[in-house]
Amino acid sequence: MSEGRTKRITFRVQRYNPEQDGTPYFQEFIVPSGRGMTVLEGLIYIKENLDSSLTFRSSCRMSICGSCGMLINNYPHLACHSQIEEFHSDRLTIKPLPNQSIIKDLVPDLIPFFDKHKSIKPYLIRQDIEEMENPTAEFVQLPQELNTFLQFTYCIKCGLCLAACPTSASDKPFLGPQALAQCYRYCADNRDEGRGERLPIAGADHAVWHCHLAGACSEACPKGLDPALAIQLLKRRLISQALGFGKRQRPSSVVPPPTETKPKVPFPEFTAKETK
Amino acid sequence: MGTAYLRLVQLVTGVLVAVLLSIHIVLTHLDAIFGFFGVDVAEPTAWASMIERASQGVFVGLYVALLACGLYHAIYGLRNIILEVTPSIKTGRIVTWALIVIGVVVFIWGTYVPVALFTS
């Protein structure tokens, strides 16, 4: 045990193995915790020292991969992004993300989540298929055009927004904030020409119009995205398109990549190594 | 795109319900306010007053519009709530048609009296 671990935290972890257990149950573990220790580190401590059968997902430990999403004290968090002392409690209740079926313990089945993501065609669609298959140039995009959707490109697909969404809890086929935000992200991209394919998906039943604008998705997002805003912007696009007005966005043209590269800025004098 | 039109109509009918209902409330239940400004609206909820209003095209139009907007707004909202908890496509279709039939029947029933009074 490293120094500085002074507090003993009770981890109340939901356990469930569909092959053995009829219903999920809770198991308690005592974890020594110190300053800066994350919930994920606590779970790793349990797995390494107390119960090796505890199952959870994790990978990067720096809130980039989005693997360790779970319900901590009944609120969706990334376990690697949540320090134990943030919760101001000696007792943490940890459950898998809701609105998804459980594979085992804290591992939710994210296949429906990724299917919904795939359904909105999350890639650039262009009419010039030849250029897409064999690119000869770059698509022009100004910084201000990038800024219209930039925040939504930071989505790590952790599923916390879907877990927080009250509509997803009652309406299983609801596309969910993640997929809808990504739908807006690609529709707003001036390099894309796939609005005609995506907007009917977003405008159908169990999609944007079922959003109650609770805003829970935006509050839960660990990357600070605002999926609720994307859904509202998507609604505006749908209404504009239905009424036949709104900005007609021309797809960006292609230009050859710059042949000249800027020379590197030389090191300042005081950092250059003495060659004598 | 069909859903976008239906949703847009629901937003518009929501605003119209608020406006038309306000006119109805002010005219029939807040006659004291008119009295305060010196306008005498003699017992607006009395039978004779209602019959008199029913003979005026403006009021008939107002009430028919209020009923149509209120029905559409309520029934489309109800459909959305039901579809949210019954995600099956088949159930959705049954619910949609059942609500359309209910809406049409209630609209005909609700407009029959004012239209009959107006035309008689």
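Domain bounds, as used here, come from an automatic or database domain assignment, and on that basis chain A is divided into domain 1, covering residues 7-108, and domain 2, covering residues 111-248. The structure is a predicted model, and for the complex the predictor gives an ipTM of 0.71 together with a pTM of 0.83.

**Helix α2 of chain A**
- In helix α2 of chain A, which runs over residues 111-119, the residues Phe113(A), Lys116(A) and His117(A) are buried, and because they cover an arc of only 100° around the axis, they lie on the same side of α2(A).
- An α-helix has 3.6 residues a turn, so residues three or four places apart point the same way.
- The other side of α2(A) carries Ile111(A), Asp115(A) and Lys118(A), which are exposed.
- The buried residues of α2(A) are covered by elements that include α5 (160-164) and α7 (176-187) of chain A.
- Just after α2(A), Lys121(A) takes a positive phi of about 55°.

**The contact between chain B and chain A**
- Where the two chains meet, 12 residues of chain B are in contact with 16 residues of chain A.
- The helices α1 (2-29) and α4 (57-85) of chain B each supply at least two residues of the side of chain B that touches chain A, and α1(B) gives the most to that side, with five residues.
- The residues of the side of chain B that touches chain A divide into seven nonpolar, three polar and two charged.

**Confidence in chain B**
- Chain B averages a pLDDT of 87, and 98% of the residues of chain B score at least 70.
- Among the elements of chain B, helix α2 (residues 31-36) has the lowest mean pLDDT, at 76, whereas α4(B) has the highest, at 92.
- Where pLDDT is low, the predicted coordinates should not be read in detail.

Notes
Residues are numbered from 1 along each chain as its sequence is written. Chains are lettered from A and ligands numbered from 1 in the order in which they are written. This is a predicted model: local features need pLDDT of at least 70, side-chain atom pairs count only at pLDDT 80 or more; totals for chains, interfaces and linings use all residues. Two residues are in contact if their C-beta atoms, placed from the backbone, lie within 7 Å. Helices (H or I, at least four residues) and strands (E, at least two) are DSSP runs, numbered from the N terminus. Ala, Val, Leu, Ile, Met, Phe, Trp, Tyr, Cys and Pro count as nonpolar, Asp, Glu, Lys and Arg as charged, and the others, Gly among them, as polar. pLDDT is the predictor's confidence in each residue, from 0 to 100. A residue is buried if 20 or more other C-beta atoms lie within 10 Å of its own, exposed if 12 or fewer, and partly exposed in between; C-beta atoms are placed from the backbone. The arc is that of the directions from the helix axis to the C-beta atoms.
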